[in-house]
Amino acid sequence: MTFCGYLPYSGPPMVVEHEISLKFTSSPSPRSEVFDMIRTPHVPASGIPIEIVLTILEAAYFDDRGDPDIDLLTKCTLVCNAWSLHAQKLLFRRVRLRSHSAFASFTHAVNRSSPRGRLLGDAVIQMRAVLDYNQPGCLKQSSLAVAVANCPNLYELDLAQYGCVAPGKDVVGSPAQERMRRPAPSFDEHSLALLSSGPRITALNFSNWSENNQSILQLLEVWPSLKSLSITGTSPVLSPGVTYPPSPCALEELRLNCQREPAKEFLGWLLHRSAEEKSLRVIDLERQPSPELLDFLVEKHGETLHSLAIPSFAMHEHAHAAMRCRSLRELRTESSWSSPVICRQMPETIQHLAFGLDLDTLLNPIIDLVKTRDDLQAVTVNLWREGHRHPQLAPLQMACAYRGVELRLTRDVRRMRLLVRGDPVVPPTYPRTQTLDSMRPPVRSVLMA
């Protein structure tokens, strides 16, 4: 008898072999059926639509330094005939002329006797030219005038002028003051006539590294259409005993980086029409101005000024001059120390603030500004030395994030300048940007042969 109905153990169990076949299937979902219906994209036989190609090329136009990506655009010109012309137009948008041989190649490419030459000449918006009379085969004044005349849509001219010395007497690496003692000729009448017959340039950057302080006066007379003016190097002066009619330019932007501070008499002459029409919106002084000069500019133009930039607002005189500009949308400085009162008195219209930061910078007034100014769009900070270790940097980041304000950090002051300067066009909002649209030429119908 068995205990509790259990069968007694009678040896090892019998092993029975079975053949099992498994097949895993999943029921189709509506989503997978949708994916199955999507056709694999393919490039049409005619190639990628040129509108898409052009959009991609324009998006990739600038490199990390803010310059045109010449290598990329050059390679794109060799892809196919459909890409070549559009890539060449982007290449010719900004040109550089440093020698007579460069001028010869350029004028051959933009020869107005051919449809392609006219199209490439029309594409030039910015030109950088160097008149270095100390170099063999240098670009001549008359050649510059011819090049400008071949570009009817030219918006900005960046011109550098260097003087010359007797052969064998040039000192390599000589200080800036010695370089500027080199003489350079003024523009001759023929060149001025060619420039006057050319395009109405809107922006001029003139770097003068010679002792000739009259060239800028000649160029201002040629282009009364100027709205943006930058002067670097030798300070321009008005010749004593000569009566000058007021400058015809109604400037919207003025940038100065002169070895010596320009005289108030020259600035009064230069900005006479700007003061009458209340047109000046941007003042950018790359060297620290005297309190008297800044007070002079603010007294004349502070009412309509939108952007003010100087190296430092540490002195109370500079800070109070900025506080008098009640329509400011942008305030920029590279110094890590500014008077705290300037942030507390910032107008409600401020949209962009740029400054330097180290361990000694007072950030509490700036954080309060971020929290209380509704129009503020961006804050740009250059980190000097141990600036990234500032104990208030994290609260500044949180305040910007909470308020939806863009915080741009950089450790390179050159990168900071690239971020904040943008194109020589006064924008409706700040910070300024560098785009292909701000100086886009009017559409011209040119039939290609």
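**Pocket, strands and cavity in a predicted model**

Helix H18 supplies five residues to the lining of the largest pocket, the largest share of that lining. The structure is a predicted model. The pocket holds about 1,100 Å³ of space. Its lining comprises 32 residues, and Arg 128, Asp 158, Asn 205, Arg 255 and Arg 421 are the closest to its centre. Strands also contribute. E1, E2, E3, E4 (203-209), E5 (228-233) and E6 (253-258) each supply at least two lining residues, as does H18 (413-421).

Strand E2 was examined next. Six of the seven residues of E2 (residues 126-132) are buried, so the strand is largely enclosed by the rest of the structure. E2 has strand E1 (residues 94-97) as a parallel partner, joined to it by four bridges. In this pairing, Arg 94 stands opposite Gln 126 of E2. E2 also pairs with strand E3 (residues 156-162), again in the parallel sense, over seven bridges. Here Ala 129 stands opposite Leu 159 of E3.

The nonpolar interior was then considered. In soluble globular proteins, nonpolar side chains tend to be buried together. The largest nonpolar core in this model contains 98 residues. Phe 106, Met 127, Leu 270, Leu 331 and Leu 396 have the most contacts inside this core. Leu 270 touches Leu 220, Leu 229, Ser 247, Cys 249, Leu 251 and Leu 254, with residues up to four places away in sequence not counted.

Helix H16 (residues 364-372) has five named buried positions: Pro 365, Ile 366, Ile 367, Leu 369 and Val 370. The cover over these buried residues includes two helices, H15 (341-344) and H17 (393-403). It also includes two strands, E10 (352-357) and E11 (378-383).

Three cavities of 30 Å³ or more were found in the whole structure. The largest cavity has a volume of about 160 Å³. It is lined by 18 residues. Ser 338, Ile 342, Cys 343, Phe 355 and Ile 366 lie nearest the centre of this cavity. Ile 366 is also among the buried residues of H16. H15, E10 and H16 each supply at least two residues of the cavity lining. E10 gives the largest share, three residues.

Technical notes:
Residues are numbered from 1 along each chain as its sequence is written. This is a predicted model: local features need pLDDT of at least 70, side-chain atom pairs count only at pLDDT 80 or more; totals for chains, interfaces and linings use all residues. Side-chain values use heavy atoms; hydrogens and water are left out. Buried means under 20% relative accessible area, exposed over 50%, partly exposed in between (1.4 Å probe, protein chains only). Two strands pair if DSSP finds at least two bridges between them. A nonpolar core is a set of buried Ala, Val, Leu, Ile, Met, Phe, Trp, Tyr and Cys residues joined through side-chain atoms within 4.5 Å. Contact means heavy atoms within 4.5 Å. On a 1 Å grid over the protein atoms alone, a cavity is a set of points where a 1.4 Å probe fits but cannot get out, and a pocket is an open set with protein on both sides within 12 Å along at least five of seven lines; lining residues have an atom within 4 Å of a point. Grid points are joined across faces, edges and corners, and a volume is the space filled by probe spheres set on the points.
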